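Me: I would like to go through some of the labels attached to this model and ask what each of them rests on.

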Amino acid sequence: MKLHRVIALLTRHVYLYRRSLPRIMEIFYWPFLDLVIWGFITLYLARAQSHLPGFVAFFLGALILWDMLFRSHQGITISFLEEVWARNLMNLFASPLKPGEFLAATMLMSIFKVTCVSVVMILCALVFYSYNVLMIGLWLIPFVFNLVLMGWVIGVFTTSLIMRFGQEAEVLAWSMVFLFQPISCVFYPMDILPRWLQPLAMINPAAHIFEGLRAVLNAAGAPGQELLWAFGLNGLLLVAVIMWFYRTFAYCKAHGLLVRVGE
Amino acid sequence: MTAPVLQVANLCKRFGDFTAVDDVSFSMRPGEILGLLGPNGAGKTTTIHMLLGLITPTAGSIRMFGLDLATHRETILERVNFSSTYISMPQSLTVEENLWVVARLYGMADIARRVDQVLKKLEIEELRQKVTRHLSSGQLTRLTLAKAFLTEPKVLFLDEPTASLDPDIAQKIRALLKEARRSSGISILYTSHNMREMEEMSDRIIFLQRGKIVAEGTARQIADRFGQADLEEVFLKLARESRDA
């Protein structure tokens, strides 16, 4: 792994974003809109059903954390698509750049996007709803860390699919993450799910994080076990999708697909 | 005798039932300009993609600088670059930004000086701050050539590098390539559909048809072998044979 090559790719994205208002807007626009709409709905429900203590805390906290996962995933997939749209993949992979260095750069881009989104959403929640997400305390750090990892898992998997099936699969860059939302139990506990769906949620790291979030906000004890599950599953899944990415990369090179992505 | 910088042995590429490159072997000496000629679908671009490590060969070997591309990809590609009419560069970046990214990718030192030099060499200094999206196709071709020269490669692959240029600029590019070969001993593998250009540029030409090498030598030797007046006549004869087959 050569750092200068990872930095080169990051520089390319910094150049891109500093000149592209639509791309900057895209980072902030949806999270902001999500927060405003769901925030007001939450306030309304909280007033109407005052017997639900901490409803606002659950809902807004979950919304902010879910958006971090979403942006983490997009940091990977959109960075790859930027190269596809620019017909730049050949320039990159005919250089000494290794696939692992490419992935490392997209992961750093995803951290950048998550950081931007987090700051905006945390501030907006504070200003609009007097909601301080930092009340989750230090647990927030492992929660966010695991959600970023889960975003990488989905992002690397999606990127492999786009590389394999071409630009017609690019819609997955926006939609794939929502396939995981129902079994991530973002806004409801896992036991709400039908019994047959619960095992799927159990092997989804994000579901354990949101269970852990509810435990913390309910003062139901430390979410140590949920975090252990999340770390373990994320570790396994990340190794698996990176191996899948390398395998897909080799397949695309063998079948001449790498030079055709974006055509 | 100097060792070849590029050695290709029994190279094959099959996509299912279709054979794009069929048992191709050739070598390129340091400082040589080698022309790769053939009708559309002859396997020129697939061969270049294999030489750049973008497509994995079905069989055969590629060695550059005495190293096997399959096992020394990174070391080899640090000393190789390419330009093609069919590639682009990030459209939202300026010409200068694109070159800076490439220079960083190859771990170059003294980037500002190198970028200045190459912009001057390609006569695109005035485009330095221009966003790539706003370049004409000829200007974009010069940018991709600037990218190729920037990293000071020892081997350069050029896939129809003058296809979108006006005759004046195309002539300047050819002069530039010859000068680069003379001053730095760069080896160039060159494809073009312009037969006069091929005759002017190439020390030696490899003629591909349906993935196979059907002739190899100087332009004169190839024309004589097929009993034609010049390279263009040979091309037309083989292209029609290929189309009718």
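Me: Why are α9(A) and α10(A) called roughly antiparallel?

Reply: In this predicted model, the axes of helix α9 (residues 205–217) of chain A and helix α10 (residues 224–254) of chain A cross at roughly 160° and come within 8 Å of each other. Angles over 145 degrees count as roughly antiparallel, and the two helices therefore receive that label. The crossing of α9(A) past α10(A) is left-handed.

Me: What makes the pair A:Phe59 and A:Phe187 stacked or tilted?

Reply: Their ring planes stand at 20°, with the centres 4.6 Å apart; since planes under 30 degrees apart count as stacked, the pair is stacked. The pair joins helix α3 of chain A, which holds A:Phe59, to the loop between α7 and α8 of chain A, which holds A:Phe187, across 128 residues.

Me: How do you know whether A:Phe59 is buried or exposed?

Reply: Its relative accessibility is 14%, and buried means under 20%, so A:Phe59 counts as buried. A:Phe187, at 33%, counts as partly exposed, because that class lies between the buried limit and the exposed limit of 50%.

Me: Why is the pair B:Phe207 and B:Phe235 called tilted?

Reply: The planes of these rings are at 45° and their centres 6.2 Å apart; stacked needs under 30 degrees and edge-to-face over 60, so the pair is tilted. B:Phe207 lies in strand β9 of chain B and B:Phe235 in helix α9 of chain B. B:Phe207, at 0% relative accessible area, is buried, and B:Phe235, at 13%, also counts as buried.

Technical notes: Residues are numbered from 1 along each chain as its sequence is written. Chains are lettered from A and ligands numbered from 1 in the order in which they are written. This is a predicted model: local features need pLDDT of at least 70, side-chain atom pairs count only at pLDDT 80 or more; totals for chains, interfaces and linings use all residues. Side-chain values use heavy atoms; hydrogens and water are left out. Axes are lines fitted to C-alpha atoms, for helices over the stretch in contact, and angles run from 0 to 180 degrees between N-to-C directions. Helices (H or I, at least four residues) and strands (E, at least two) are DSSP runs, numbered from the N terminus. Angles under 35 degrees count as roughly parallel, over 145 as roughly antiparallel, 65 to 115 as roughly perpendicular and the rest as oblique. A crossing is left-handed if the near helix is turned anticlockwise from the far one by less than a right angle, and right-handed if clockwise. Rings of Phe, Tyr and Trp (its six-membered ring) pair if their centres lie within 6.5 Å; planes under 30 degrees apart count as stacked, over 60 as edge-to-face and the rest as tilted. Buried means under 20% relative accessible area, exposed over 50%, partly exposed in between (1.4 Å probe, protein chains only).
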